[in-house]
Structures are given as structure tokens and as C-alpha cells.
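Open the model in your viewer, keep the sequence beside it, and follow the stops below in order.

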Amino acid sequence: FALLLLLYGTLVRFNALPGAVPLYFYWAWVVFAPIKRMLAIPAFVTLCLLGAFGNKIIESVVTVGSNHPQNKLYLHDLTGIFVLTDDNVFPAMSYTEPTFDTVYLKQHYHPATYDNIFWNKDGKMKWNYLDAEYTYAIRDAWLAAVKKHPGAYFSHRLQSFLYFLKIRNRPAKYYFAFAWIHKNPYGFTLQRNWLWYVFVYPILAQGVMFYMKPWFWLLLSSLLLSRTSKLKHPILRTPFVVLLVSALLYILPQFFISQTDTEFRYVYWSCIACSLALLIYIFRNRLQPLP
């Protein structure tokens, strides 16, 4: 059951696999070490492969919808490199679309997000984002641009990451909670009642707090990890380290894949894992291992 939850969690978020790797290792060690320790390593490798290729396996069974998140990431990086170097790194296929406009890209580029370009209401950049041929074209252009301008790529990524962490801020609505249901083909809707108000309003009121910012959880995880020596017994120390490494690896990949700075949901697991580790640290002297 724990394994199914881990595999499911890996598929929920595109940044989940790095955070799941320490948990895979801990699961394999706990399950197989008492029986035959050598089995833990192949079990760990198998789980990593399942996590890495899980989406591909699901896509072979389930009809997957739009590919716009990955395309948006490629386009965000290409635009950042273009603005920083003035080198037109976009694929030739872009120019087959009449609404493609490099002047518009320069005017509206922001390292924090690509949404204001991708979802623009000015009738620009309206090529078929979901076309597989175009996806391959921008992927190849992205690889070539990163190889040609690594400095500009990392500079753009660093600025994006600082906005994602909310170390830098811009005037935009920050979605730290999603208390609604978007229009969907299944007809699911949200009917607000008294319970919704009782549950949601206290959460929304906390939006300005420091713990609703990703930088806090990145900092707290790092600080707690530096206190590992305070936990003497491995029964407490091992899950403590595993949780904190998982929390860090859940946030750090956003350096490379963040597309917008307004979404806190990509940090939820880090909040949970870091909080559990914090509880272990606080009560470390009371959590006596069994003899």
C-alpha cells in the first residue's frame, strides 16, 4: 500500500520523481534489508525506473491531453535566451505562423512566468502548441540554444527560480490554495456551503504568511538537515534525513522546470516532509526506539 502511494505521488507532479527517490530507497531498505539486504538495491533501481517511465506507461493506456506545459517550458527558456543574447534561437517552423512576433516576445518577456505570453489576449503566438511536430521542433531548438548559450540559460533560470521561491516578487495573484474547480468535460462543479467557508477562509487568510512561500521550506529543510548529528539513534536519524532530502529534491528541480511563480502547489510535499522531520527533531528525546 505504501509503495502504491509512492508511485502515485510520483505521477501527480512533474517535479515529484527527484523527491520520491530517497523514499524509494528507504522503502526498499525497510522491506528487504531484514530479509536479504542485497535485494534492496535492485528493488530501489526498479522503483526509480517505474517512477521515471510511469508516465509513458500510462500514456500507452490512457489518452493524454495537451502537451502545453512542456512546450511552455521550452518557449520560456528560448525567449529568455533570445532576450539576453539577441540571438534568434526559435525554430524555423515558428515563422510559418503569421502571429509569431519577436518584438512582442521582447516587450512581454518576464523571467517569472511565460503565462502572460502563452495565454495572451492580443492574438499573438497562436500556432498549434499541441502539434507533435512543433513540439519536436522547439525541443530541438531548446537543446541547441542551451548548448550555444549556457550562460544566458542559467542566468534566465536563476531569475525564474528566485521568483518561484518568492524571494523576488511581482504584482500578480499568488495561488497558494485552489479552492475551486475549473470547468471540465466531466461536469464536476463546486457547490459552496457553510463547510466550504469554514474550511477555506482560514486558509485564504494565511496567504501573506512566510510559511506560504517556497523559500521558507527550502531554508527550513536545509537548516534541519544541518542538525542531523543531534539525532543519535539511526531509527530516528534515517527517516529524518530521508524526509529532508526528499523535501529538498522536490523543490530544487524547479530551478530547471518552473514556468510560473504564482503556484504554491508544487511545494506541498516539501511542506509535509519537512514538517514531519521537524516533529522528529522536536520530540527526538521522547521518541525512544524499541529495544
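On a 1 Å grid over the protein atoms alone, a pocket is an open set of points where a 1.4 Å probe fits, with protein on both sides within 12 Å along at least five of seven lines, and its lining residues have an atom within 4 Å of a point. Points are joined across faces, edges and corners, and the volume is the space filled by probe spheres set on them. This is a predicted model, in which local features need pLDDT of at least 70 and side-chain atom pairs count only at pLDDT 80 or more, while totals for chains, interfaces and linings use all residues. Residues are numbered from 1 along each chain as its sequence is written, and side-chain values use heavy atoms, with hydrogens and water left out.

Next, select Gly9, Leu23, Tyr250, Trp269 and Ile272, which are the closest to the centre of the second largest pocket among the 26 residues that line it. This pocket has a volume of about 580 Å³. Helices H1 (2-12), H2 (16-32), H11 (234-251) and H13 (268-282) each supply at least two lining residues, and H2 gives the most, with seven.

Now select H10 (residues 214-225) together with H11, whose axes come within 9 Å and cross at roughly 145° (axes are lines fitted to C-alpha atoms over the stretch in contact, with angles from 0 to 180 degrees between N-to-C directions). The contact (heavy atoms within 4.5 Å) includes Trp217 and Leu218 of H10 and Phe240 and Leu244 of H11.

Finally, select Phe25 and Phe44, an edge-to-face aromatic pair with 5.4 Å centre to centre and 85° between the planes (ring centres of Phe, Tyr or Trp, by its six-membered ring, within 6.5 Å; planes over 60 degrees apart for edge-to-face). Phe25 lies in H2 and Phe44 in H3 (residues 40-59), so the pair ties together parts that are 19 residues apart in sequence. The structure holds 30 aromatic pairs.

Terms used:
Helices (H or I, at least four residues) and strands (E, at least two) are DSSP runs, numbered from the N terminus.
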